[in-house]
Amino acid sequence: MNVSELLKYDKIKPKDVKTSKSTFKDEKINTKEFKKFNSLVLIFSLLGTILIGSGLITISSINLDRFSKMLQLIIAFIPLIIAYVLCAYTLFIKNDSIIWRESVGVFIFFAFGYLISLISNLYHLSYDFSNISILCAIASLPFVYILKSSTASLIYLFIVSFPFDYSNLFILSSFRDEIIYSVLLLAILPNYYLLCKKRTNDVFLKIHHWVIPFTLVSFAILMSSNNSFMFIFLNLSLYSIFTYIGDSSYFKSNKIFNNSYKIIGCINTLSVVFMFTCKDSVEKLNIYDSKFSELISRSDFYYTILFFSIFIFLFIREFIKKKIQDINLLHYLSLAVICLTLIELSSNIFIVCTNILILAYSLIKIRDGFIKNNITRMNFGLICILILILVCLLDYDIDPIIKGITFLSFGLITLVTNYFIIKKIRYNE
Amino acid sequence: MNKKILIRFSFVFAVLFQLLLLFSFIYDKEDIINNGSEFKFMITKFKPSNLDGRNYICLNLKEEFISDEKIQIFDNLFVSIKENSDGFASITSISKERPVDTSDYVKAISFHSRYGTTNYMLPFNIFYFKEVYADEIKSIYKKCIKDSSKKVYALVSIKNGKGLLKDLFIDDVSIMDMIEK
């Protein structure tokens, strides 16, 4: 019904028309704009903010050289004060505009980081880099929540994981570092949860879905790199938790390539298990080298227990809820490898067991794909077997004729199975 | 209305939180400079360089390596410091535990290991200077290379395991004074 029709039937009075017209118009524009700005305007505004921020920083850093220490400090505060004013303006007047919120969130990080780096220059701080970036992250965290800015939270995640991952000096060297790292990670998780709840189809949310599991994976690998016993436990249980999250109803509705948790969990679990099918890596790792009393004194022991207990809890929950054949096969696989490490086997038997496990896993996948007419699943199983064969061929000295024959027969099998499944799908259609 | 008050309150809280962290950071550094105990560290060589628009001198302090098999890379170390008869600082002991008997110690990190000896880095081996002084500092550096009798040392103040570089001296004259002449 139009506004003029409403007038005809006396449903609204003429003096209301002016206001109601404008609201009708606004609604139309808002829905259109909402779709548009998501991609281009947002990206350009962020780019603009970054450029403006870095421009301000370079201008002030050139002129600062002539002034005294106190004056330099005062001038360094100017970008931060501008950032506060913009933040207040955004919060109180432009609260609905996502563009404003995102750009101001980025600008605050820039202004604070500039100020801190200038102070560290003034006091000749040399390798305080990790402390400075962590200070920057902690200080800007409240703004991430107030502005609800997902770009800011991505920058936060980057800063938090950067000093621990890439700068050689600060690989989680002490218990204190690990506690700080986990607290900082935990602090951003509520924001991630809110993002998941609010926006279902957002670019930043998709980036979050990839970045958060990656930071967790790098954290787990760094933590357990010294001890292979911990490595198996911690990594396998973490990746199983990932696959569990990927199987949840929230992620299952997405396409498989958007389901980051499932992909990361699946690939990492398989690569850890594949590592133990290789003779060299098992002998290098010395799984039973460390004693139990040593393990307890280490800090990663507690993290391992935490993740492992979560994994077992989830597994038991699934076991009660679902049928045995409906549970994700990767859970069985990782549980089996963990059990194998608990029973102290000699390395040869251990390798044979992991080989059999992967073979069984891929055979079940192939069979599953063939029955359910799923080409991706079937080929995934075939690729697993191929990798297994490659590892075996690299490990042992085998006659080149036999190598050639295995590759030839494998290629034939792949072609024939794919041909049959396509034929079957067409027949069913 | 209630939500608006909440937003205002949280904004003020965030700003105050950020400023509080900043001022505590600055206060910490000022405290070390004003109330810390001062030491003179001999410097074997120094070289001005430029990275990312930051001009700095990298200082090689004396005795920056240890041969102890228990110490691994990225361990936190505690370096105890004492003033010797020449008036310069000398390192008395290096341990993984915090020393109890003296208050003059610095935290350091071991970062490079080869042939059983481990290098460690003290937290005050970089001296930043201003862009305008780059040419003068280069000429001073060239003079120092020619004349090996010149004594170069860094003035460092230390408190609670933290050390800050205050100034760089060449033959008891501050490098900044030399430039301004």
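Helix 9 (residues 203–223) of chain A packs against helix 12 of chain A at an angle of about 30°, their axes lying 9 Å apart. Helices are DSSP runs (H or I, at least four residues) numbered from the N terminus; axes are lines fitted to C-alpha atoms over the stretch in contact, with angles from 0 to 180 degrees between N-to-C directions. The model is predicted: local features need pLDDT of at least 70, side-chain atom pairs count only at pLDDT 80 or more, and totals for chains, interfaces and linings use all residues. Residues are numbered from 1 along each chain as its sequence is written, and chains are lettered from A in the order in which they are written.

**Helix pair**
- Helix 9 of chain A and helix 12 of chain A are therefore roughly parallel (an angle under 35 degrees).
- Helix 9 of chain A contributes His209(A), Trp210(A), Pro213(A) and Val217(A) to the contact (C-beta atoms, placed from the backbone, within 7 Å), and helix 12 of chain A contributes Ser260(A), Tyr261(A), Ile264(A) and Asn268(A).

**Domains**
- An automatic or database assignment gives chain A domain 1 (16–122) and domain 2 (127–215).
- In chain A, 15 residues of domain 1 are in contact with 15 residues of domain 2.
- Helix 5 of chain A supplies the largest share of the domain 1 side, 11 residues.

**Confidence**
- Chain A has a mean pLDDT (the predictor's confidence in each residue, from 0 to 100) of 78, and 79% of its residues reach 70 or more.
- Within chain A, confidence is lowest in helix 2 (residues 14–37), at a mean of 49, and highest in helix 12 (residues 260–275), at 88.

Definitions and conventions
Contact = placed C-beta atoms within 7 Å. Helix = DSSP H or I, 4+ residues; strand = E, 2+ residues; numbered from the N terminus. Parallel < 35°, antiparallel > 145°, perpendicular 65-115°, else oblique.
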